[in-house]
Amino acid sequence: MGNYDDDTAFLGQKGPFFLILFFLLNAVYISTGLHSLYIVFVGASPSHHCRIADGNLTEEWLKASIPNEMVNGKLQPSQCWRYSLETVRNLSAQGYSPLEVNLTDITLETCVDGWSYSTEIYHSTIVSEWDLVCDSEWKVPFASSTLYMGYLLGSLVSGQFSDRFGRRKVFFMSLAAEALVMLAQSFSDSWLVFCVLYFFVGTVQISVYITAFVLGSEVLSDTMRVFFTSVGACLHYCIGYMLLPLIAYAVRDWRSLLRVLSGLTVVFIPLWWLIPESPRWLLSQGRVLESEAIVREAAKKNKVSAPEVIFIQSEVKEPTSQNSKYSLLDVLRTRDIRKTTFLCLLLWIAINIGYFGLSLNTPNLSGDPFLNCFLSAVIEAPAYIMSSLLLKICPRRPVLSAFLVIGGGFLLLLQLIPESLNTLALALEMAGKFGLTMSFTVVYIYTAELYPTVLRNLGMGLCSSAARIGSITAPYIIFLGTFNKYLPYILMGSLTIASSIANVFLPETFGKVLPETLEQMQKSKPFIGKDKRTLEEGKGTVIVKEENV
């Protein structure tokens with residue numbers, strides 16, 4: 001196949017066709033921001049205590065029936081225990097008041113009559129509807145992780161489907177499926193059904209994200225493509241993320257919230273008639289006339305003249321990439337590649353645990369949960385812009401290490417902040433989110449530059465799978481906060497700092513030509529001392545010494 005960019009150079013770089021497509025695809029990323037973290041509100045745990053099912057008790061005894069317990073240094077009413085209701089009834093019937101009785105001598109019992117939930121902040125959540133508290137509290141992080149399990153499956157299959165059936169078809173089928181599955185999820189009659197549907201929400205949601213990214217990369221001009229992939233998609237995701245708490249503030253019932261979000265997704269379906277199929281993909285399938293028709297329409301919108309023949313039929317054929325000769329085993333075959341892959345996997349897992357952990361943790365922060373979520377979204381916008389600018393002028397390794405230290409360092413500092421300084425604690429967490437968001441952006445570019453062309457897709461795919469493992473783990477890291485509020489910060493901060501140390505052993509890629517073959521791939525730094533190894537090349541033996549840098 002001839003060079004597509006050369007064949008379509010007559011279209012220019014910033015015509016109306018490219019601008020319209022740029023904004024339409026970015027608009028879809030607003031929907032991904034709306035949907036990726038709605039579990040923060042849908043799965044929030046309102047204040048609760050054991051229900052006291054006795055209308056004959058006085059208000060004084062009703063309050064006294066719930067024991068106080070120490071949680072994170074604060075005395076508060078127990079959420080999982082109450083004093084024996086039978087004993088309380090007897091004492092009340094005998095005319096005693098709670099002040100005349102040593103309540104600590106009364107036997108404790110679990111919430112056998114269920115729980116009473118506060119509706120001050122949330123009118124209804126899956127926690128209050130299905131009693132996902134106390135012994136069932138583990139079901140909330142599990143529900144959160146099912147979305148990221150779906151991400152893992154969607155990441156693996158969406159590329160294969162779009163390669164076979166086309167970018168546009170898979171994109172809009174995923175968009176429609178997301179709206180339908182979210183709508184079905186709003187009618188869930190049990191926690192299990194909710195989790196199963198949430199898994200499929202994740203599957204189609206990541207498919208929307210990936211196929212839109214690929215479609216934009218293949219159809220947009222060089223100039224628009226760079227801006228779309230580096231800043232445009234991320235910023236519009238942020239816009240959706242910022243809109244989520246505003247909508248959740250207005251719609252505080254979880255079923256109604258899901259239906260509103262599902263309805264907002266339907267708004268993007270008519271874009272089917274405005275967003276074309278990828279001409280590159282059509283050419284790869286030998287559908288030259290369809291590809292030319294799209295390019296001619298683009299030329300018409302850009303008000304330029306198209307040549308009589310755009311693609312020469314004899315030059316169009318199914319591309320056979322040398323990547324097909326390589327398998328996943330090649331990413332782990334040699335010592336240097338194994339070391340690079342191991343370090344990249346550690347980076348991706350640590351960054352994803354920190355990023356998604358902090359994103360899911362906003363309901364647990366002091367203050368208004370809707371405002372906290374909004375701030376968590378707002379802080380990402382400057383992070384994306386700054387990281388994109390720094391990547392143009394700064395080496396990758398020190399930049400990534402610096403932001404990992406910033407992100408992890410601020411998280412570790414949180415345990416030193418007094419309880420009375422809630423605003424300072426919130427500012428430190430947002431600073432940590434800023435550092436991790438910047439790291440999130442840098443590690444994508446850095447990893448792509450580390451692997452040679454023949455292994456780049458395989459390497460990025462493996463790292464992306466590791467990222468899903470990190471995001472699946474994140475809800476459970478946050479769940480540890482029920483035992484100690486600082487434990488999640490200590491774990492995420494320590495892991496992030498450790499990954500910044502690991503990053504030091506990766507080679508620098510800034511200002512260097514992208515490697516095309518395994519031989520051109522840069523070698524990682526040795527962990528300790530001098531690294532001597534023997535390479536068998538043909539019939540001879542070559543001794544290679546790598547000195548510390």
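Q: Is S174 buried or exposed?
A: S174 is buried, at 7% relative accessibility; buried means under 20% relative accessible area, exposed over 50%, and partly exposed in between, with a 1.4 Å probe and protein chains only. Keep in mind that this is a predicted model, where local features need pLDDT of at least 70, side-chain atom pairs count only at pLDDT 80 or more, and totals for chains, interfaces and linings use all residues. Residues are numbered from 1 along each chain as its sequence is written, and side-chain values use heavy atoms, with hydrogens and water left out.

Q: Thanks! Where is S174 found?
A: S174 sits in helix α8, residues 167–185. Helices (H or I, at least four residues) and strands (E, at least two) are DSSP runs, numbered from the N terminus.

Q: And what is S174 in contact with, leaving aside its neighbours within four places in sequence?
A: V204, S207 and V208. Contact here means heavy atoms within 4.5 Å.

Q: Which other residues of α8 are buried?
A: Among them are F171, F172, L175, E178 and M182. The buried residues of α8 pack against α2 (16–35), α7, α9, α11 (254–266) and α12 (279–284).

Q: How far apart are the end C-alpha atoms of α8?
A: They are 26 Å apart, which agrees with the 27 Å that its 19 residues should span at 1.5 Å a residue. The expected span is 1.5 Å times one less than the number of residues.

Q: Switching topic: how many disulfides does a search of the whole structure find?
A: Two, a disulfide being a pair of cysteine sulfur atoms within 2.5 Å. One joins C50 to C111, with an S to S distance of 1.7 Å. In the other, the sulfur atoms of C80 and C134 are 2.0 Å apart.

Q: Let's take C50 and C111. Why is that disulfide left-handed?
A: The torsion about the S-S bond of C50 and C111 is about -60 degrees, so the disulfide is left-handed. C50 lies in strand β1 (residues 48–50) and C111 in the loop between β5 (108–110) and β6 (115–117), so the pair ties together parts that are 61 residues apart in sequence. C50 is buried, with a relative accessible area of 0%, and C111 is buried as well, at 8%.

Q: What about the link of C80 and C134, left-handed or right-handed?
A: Left-handed, with -100 degrees about the S-S bond. C80 is in the loop between β3 (74–77) and β4 (81–83), and C134 in the loop between α6 (126–130) and α7 (139–165), 54 residues apart. C80 is partly exposed at 26%, whereas C134 is buried at 18%.

Q: What is the pairing in sequence order?
A: Numbering the bonded cysteines along the chain gives 1-3, 2-4.
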